[in-house]
Amino acid sequence: DNSATPLRGAAAELRGLKEAEKEHLDLPEDCWGATICVLLKDLPDILNGDGTSESVFRTVFCLGVLFLNLILQLSLLFWIKLYVMDPAIRQAQDVYHAYHEHVFDS
């Protein structure tokens, strides 16, 4: 019965993985940690057809908050570039232009 041998090996490997010592890490208590939990627990349950209405709501809510978080972060980067970096770069270019005219064109 050679077909049972690979199954026994896989079962033994699975038992070994379950019994092995594991390092437990805390997830961050923010939308990123919540999304990691949802993606690892709730989403597979939903895709298998075992999800409840609470897990569907939790998944949609966490992904929505994550999307909103990303939009806000990208918006802040854009506004910083537009209202802080661009004027500062322009001012540095104007100062260099004035210096160049004074030193080399006089």
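**Figure 1. Confidence along the protein chain.** The score here is pLDDT, the predictor's confidence in each residue, from 0 to 100. The protein chain averages 89, and 95% of the residues score at least 70. Helix H1 (residues 4-19) has the lowest confidence, at a mean of 79, and H3 has the highest, at 95. Helices here are DSSP runs (H or I, at least four residues), numbered from the N terminus. A word of care for any such model: where pLDDT is low, the predicted coordinates should not be read in detail.

Figure 2. Buried means under 20% relative accessible area, exposed means over 50%, and partly exposed is in between (1.4 Å probe, protein chains only). In H2, the buried residues are Cys 31, Gly 33, Thr 35, Val 38 and Asp 42. In H3, they are Ser 55, Thr 59, Cys 62, Leu 66 and Asn 69.

**Figure 3. A close look at Cys 62.** This cysteine is found in helix H3 and, at 11% relative accessibility, counts as buried. Leaving aside residues up to four places away in sequence, Cys 62 touches Ala 34, Thr 35 and Val 38; contact means heavy atoms within 4.5 Å. Thr 35 and Val 38 are among the buried residues of H2. Asp 30 sits 32 residues from Cys 62 in sequence, with 10.0 Å between their C-alpha atoms.

Figure 4. The rule asks for a side-chain nitrogen of Lys or Arg within 4 Å of a carboxyl oxygen of Asp or Glu, and it gives four salt bridges. In one of them, Arg 58 pairs with Asp 42, and the closest N and O atoms are 2.5 Å apart. Arg 58 lies in helix H3 and Asp 42 in helix H2 (residues 31-47), so this pair ties together parts that are 16 residues apart in sequence. Asp 42 is buried, with a relative accessible area of 6%, whereas Arg 58 is partly exposed at 39%.

Figure 5. Lys 81 and Asp 86 meet through their side chains at 3.2 Å, N to O. Lys 81 is partly exposed at 45% relative accessibility, and Asp 86 is partly exposed at 30%. Asp 94 and Arg 90 also form a salt bridge, at 3.4 Å, N to O. Those two are four residues apart in helix H3, which puts about one helical turn between them. Asp 94 counts as partly exposed, at 40% relative accessibility.

Figure 6. Rings of Phe, Tyr and Trp (its six-membered ring) pair if their centres lie within 6.5 Å; planes under 30 degrees apart count as stacked, over 60 as edge-to-face and the rest as tilted. By that rule there are two aromatic pairs. Phe 57 and Phe 61 are stacked, at 6.1 Å centre to centre and 20° between the planes. Both lie in helix H3 (residues 53-104), four residues apart, about one turn of the helix. Phe 57 is exposed, at 59% relative accessibility. For Tyr 96 and Tyr 99, the ring centres are 6.0 Å apart and the planes stand at 40°, so this pair is tilted. The two tyrosines also lie in H3, three residues apart, again about one turn. Tyr 96 is exposed at 51%, while Tyr 99 is partly exposed at 45%.

**Figure 7. Bends and span.** A bend at a residue is the angle between axes fitted to the seven residues ending there and the seven starting there. H2 bends by about 40° at Leu 39, and H3 bends by about 35° at Lys 81.

How values were computed
Residues numbered from 1 in each chain as written. Predicted model: local features only at pLDDT ≥ 70, side-chain atom pairs only at ≥ 80, totals over all residues. Heavy atoms only, no water.
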